[in-house]
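Open the model in your viewer and keep the selection panel at hand. The tour below goes from stop to stop, saying what to select and what is there.

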Amino acid sequence: MLKIGEFSILSQISIHMLRHYDDIGLLVPEHVDDCTGYRYYSERQLPIANKIQALKSMGLGLALIKEILSKYTSNDQLKDYLELHAMEQREKIANMQKQLNLIETTIVNLGHVSDIPLYSVALKKFPAYNVISVRGRIETPEDEAVLWERLAKERVSQKMQFANPALNIAVFHDEEFHEHNLDVEVQQAIVGRYHDTEAMKFKKIEETTVATLTFKGQYNLLPDVNEEIMRWITDNHYKIDGKRFNIYHVSPETEEAIGNMVTEVCFPVKPL
């Protein structure tokens, strides 16, 4: 039999930790003296102590190690479990690498002179939702109001329930950014299903992952916002996966001051 100090030296586990392992039932001494309370271990327990140390070095917690020692008695069982754990660790490492890359690219981008909050690009997942929409060509971005007026007239014939929160969306169907002759579709998120009209269409928008930046201010900032999001997409190893769109959280419909507009610019993306 080995005294706790001797077992500590051989196992390379501190006396304090051996007492803790005893308290939680992870590594219980073979004998405890009733009179003195001294703990005594057996040489046969050294392999168990070694396995505990090995599992700890893999990043496993004590409660999990206790479960492994009691449940996974064969190498095959332990192998299956550790393969799952390895998969989880790889996912954690991949997520940490993404976070590190976001930090590093943000540091670089903060060196650029811009009126846009460069650190504010975020990755979001929008759930599926229903919309009514009107699509048409407009000469300039300022003419977008014509499409919104047309949509407002078309929806009068049907009693529609708008989604909460309300989403007023403009989708840009041109492959590249244009200042004139724009192919634009305006949408409003609604609850329920409605009939198409000649100009207005009902559709379901599927779940979408987007790189998004929300800013407050005039619409003349939009080209800079688009450029910043595109830089973020490239730096963080994504690619465009759909038509870009704007969500007008505060628009001229409810706010007169141009500087108080709140716009969320969204680019659907997927990993490279």
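Predicted model: local features only at pLDDT ≥ 70, side-chain atom pairs only at ≥ 80, totals over all residues.

**Stop 1: the three-strand sheet**

Helices (H or I, at least four residues) and strands (E, at least two) are DSSP runs, numbered from the N terminus. Two strands pair if DSSP finds at least two bridges between them. Select E1, E3 and E2, which form an open sheet in that order with antiparallel pairing. Strand E1 (2-3) and strand E2 (31-32) are the edge strands, each pairing on one side only. Between E2 and E3 there are two bridges, in the antiparallel sense.

**Stop 2: phenylalanine 7 and tyrosine 41**

Rings of Phe, Tyr and Trp (its six-membered ring) pair if their centres lie within 6.5 Å; planes under 30 degrees apart count as stacked, over 60 as edge-to-face and the rest as tilted. A search of the whole structure finds six such aromatic pairs. One of them joins phenylalanine 7 and tyrosine 41, stacked at 4.5 Å centre to centre with 15 degrees between the planes. Phenylalanine 7 lies in helix H1 and tyrosine 41 in strand E3 (residues 39-41), so the pair ties together parts that are 34 residues apart in sequence. Both phenylalanine 7 and tyrosine 41 are buried; buried means under 20% relative accessible area, exposed over 50%, and partly exposed in between (1.4 Å probe, protein chains only).

**Stop 3: the two cores**

A nonpolar core is a set of buried Ala, Val, Leu, Ile, Met, Phe, Trp, Tyr and Cys residues joined through side-chain atoms within 4.5 Å. The largest has 18 residues, of which Phe7, Leu18, Tyr21, Leu27 and Ile65 touch the most other members. At least two residues of this core come from each of helix H1 (4-11), helix H2 (15-23), helix H3 (46-57), helix H4 (62-71) and helix H5 (75-109).

Now centre on isoleucine 65. Leaving aside residues up to four places away in sequence, isoleucine 65 touches Leu26, Ile52, Leu55, Lys56 and Leu60, where contact means heavy atoms within 4.5 Å. A second, separate core has 17 residues, including Trp148, Met160, Val186 and Met200.

**Stop 4**

Next, show phenylalanine 172 and arginine 244. The charged end of arginine 244 sits over the ring of phenylalanine 172, 4.4 Å from its centre; the criterion is NZ of Lys or CZ of Arg within 6 Å of the ring centre and within 35 degrees of the ring normal.

**Stop 4: strand E13**

How many of the ten residues of strand E13 are buried? Seven are, so strand E13 (residues 262-271) is mostly covered. Show its partners one at a time:

- Strand E10 (residues 208-216) pairs with E13 in the antiparallel sense over seven bridges, and alanine 211 stands opposite phenylalanine 267.
- E11 is antiparallel to E13, with three bridges; the bridge partner of tyrosine 238 is proline 271 in E13.
- Strand E12 (residues 245-250) and E13 form five bridges in the antiparallel sense, with valine 250 opposite valine 262.

**Stop 5: backbone details**

Most residues other than glycine have a negative phi, and most peptide bonds are trans. Select asparagine 164 and proline 165: the peptide bond between them is cis, with omega near 5 degrees. Proline 165 is in the loop between strand E6 (161-162) and strand E7 (168-172).

Glutamine 12 has a positive phi, near 60 degrees, and lies in the loop between H1 and H2. With a relative accessible area of 61%, glutamine 12 is exposed. Histidine 237 also has a positive phi, near 65 degrees, and is found in the loop between helix H7 (222-235) and strand E11 (238-240). At 47% relative accessibility, histidine 237 counts as partly exposed.

Conventions. Residues numbered from 1 in each chain as written. Heavy atoms only, no water.
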